[in-house]
Amino acid sequence: DTDLLPLLEMFEDVFRPERDGQDEAPFLILDMSTGGSPVVFASGSFKDLTGYEDEDIVGQPWFCICGNDSDVDDMRHLEKMLYGAEKASSCIICYTLSGEEFWN
């Protein structure tokens with residue numbers, strides 16, 4: 001989506017650290033103005049890591065990648081920080097499209 005290009009360019013340094021030989025860090029951009037904070041963009045490295053494609057993830061709530069072993073308290077903490085526009089750090093067990101766990 002070309003509407004996201006200025007945002008991506010503005011945060012290029014944040015989203016492109018050298019990590020495990022990847023050119024960019026995996027990330028999602030969420031629409032915080034809508035209930036459930038749906039995903040509006042998934043980076044290529046996020047899709048490579050998880051196996052999700054745009055049709056699987058875009059428009060879905062951010063927590064759709066969480067599952068049975070995801071810590072609900074960590075998820076609530078992260079969501080509280082997201083809505084509060086405060087810095088937050090949390091590791092949550094998430095799941096690839098094929099069901100494999102990964103730390104996010």
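Visitor: Leaving aside neighbours within four places in sequence, which residues is Trp 62 in contact with?

Guide: This is a predicted model, and in it Trp 62 is in contact with Leu 30, Gly 36, Ser 37, Val 39, Met 75, Leu 78, Glu 79 and Ile 92, once neighbours within four places are set aside.

Visitor: Is Trp 62 buried or exposed?

Guide: Trp 62 is buried, with a relative accessible area of 8%.

Visitor: Where does Trp 62 turn up in the nonpolar core?

Guide: Trp 62 is among the residues with the most contacts inside the largest nonpolar core, which has 13 residues.

Visitor: Let's look at helix 5, then. How many residues does it have, and how far does it reach?

Guide: Helix 5 covers residues 72-84, so to speak 13 residues, and reaches 18 Å from its first C-alpha to its last. That is close to the 18 Å expected at 1.5 Å a residue.

Visitor: Which residues are buried in helix 5?

Guide: Met 75, Leu 78 and Met 81 are buried there. They sit on the same side of helix 5, because they cover an arc of only 130° around the axis.

Visitor: And what is exposed on the other side of helix 5?

Guide: On that other side, Asp 73, Arg 76 and Lys 80 are exposed.

Visitor: What goes on at the start of helix 5?

Guide: There, a side-chain oxygen of Asp 71 comes to within 2.8 Å of the backbone nitrogen of Asp 73.

Visitor: Changing topic: how many aromatic pairs are there?

Guide: The count comes to 3 aromatic pairs. One of them joins Phe 27 and Phe 41, and that pair is tilted, at 5.9 Å centre to centre with 35° between the planes.

Visitor: Which parts does the pair of Phe 27 and Phe 41 tie together?

Guide: Phe 27 lies in the loop between helix 2 (12-15) and strand 1 (28-30), while Phe 41 belongs to strand 2 (residues 39-42), so the pair links parts that are 14 residues apart in sequence.

Visitor: Are those two buried or exposed?

Guide: Phe 27 is buried at a relative accessible area of 9%, whereas Phe 41 is partly exposed at 21%.

Visitor: Why is the pair of Trp 62 and Phe 63 edge-to-face?

Guide: Their planes stand at 85°, with the ring centres 5.9 Å apart, so the pair is edge-to-face; planes over 60 degrees apart count that way. Phe 63 is partly exposed, at 36% relative accessibility.

Visitor: Where is Gln 60 found, and what does it touch?

Guide: Gln 60 is in the loop between helix 4 (54-57) and helix 5. Not counting residues up to four places away in sequence, Gln 60 touches Ser 37, Pro 38 and Val 39. Gln 60 is partly exposed, at 35% relative accessibility.

Visitor: What about Thr 96, where does it lie?

Guide: Thr 96 lies in the loop between strand 3 (93-95) and strand 4 (101-103). Thr 96 is buried, with a relative accessible area of 10%. Its contacts beyond four places in sequence are Leu 49, Thr 50, Tyr 52 and Phe 102.

Visitor: And which residues does Leu 49 touch?

Guide: Leu 49, in helix 3 (residues 44-50), touches Pro 26, Thr 96 and Phe 102, not counting residues up to four places away in sequence. Leu 49 is partly exposed, with a relative accessible area of 40%.

Visitor: Last one: how many helices and strands are there?

Guide: The protein has 5 helices and 4 strands, and from the N terminus on they run α-α-β-β-α-α-α-β-β. Of its 104 residues, 31% count as buried.

How values were computed
Residues are numbered from 1 along each chain as its sequence is written. This is a predicted model: local features need pLDDT of at least 70, side-chain atom pairs count only at pLDDT 80 or more; totals for chains, interfaces and linings use all residues. Side-chain values use heavy atoms; hydrogens and water are left out. Helices (H or I, at least four residues) and strands (E, at least two) are DSSP runs, numbered from the N terminus. The expected span of a helix is 1.5 Å times one less than its number of residues. Buried means under 20% relative accessible area, exposed over 50%, partly exposed in between (1.4 Å probe, protein chains only). The arc is that of the directions from the helix axis to the C-beta atoms. A polar contact is a pair of N or O atoms within 3.5 Å; within protein, one must be able to donate a hydrogen and the other to accept it, and residues adjacent in sequence count only if both atoms are side-chain atoms. Contact means heavy atoms within 4.5 Å. Rings of Phe, Tyr and Trp (its six-membered ring) pair if their centres lie within 6.5 Å; planes under 30 degrees apart count as stacked, over 60 as edge-to-face and the rest as tilted. A nonpolar core is a set of buried Ala, Val, Leu, Ile, Met, Phe, Trp, Tyr and Cys residues joined through side-chain atoms within 4.5 Å.
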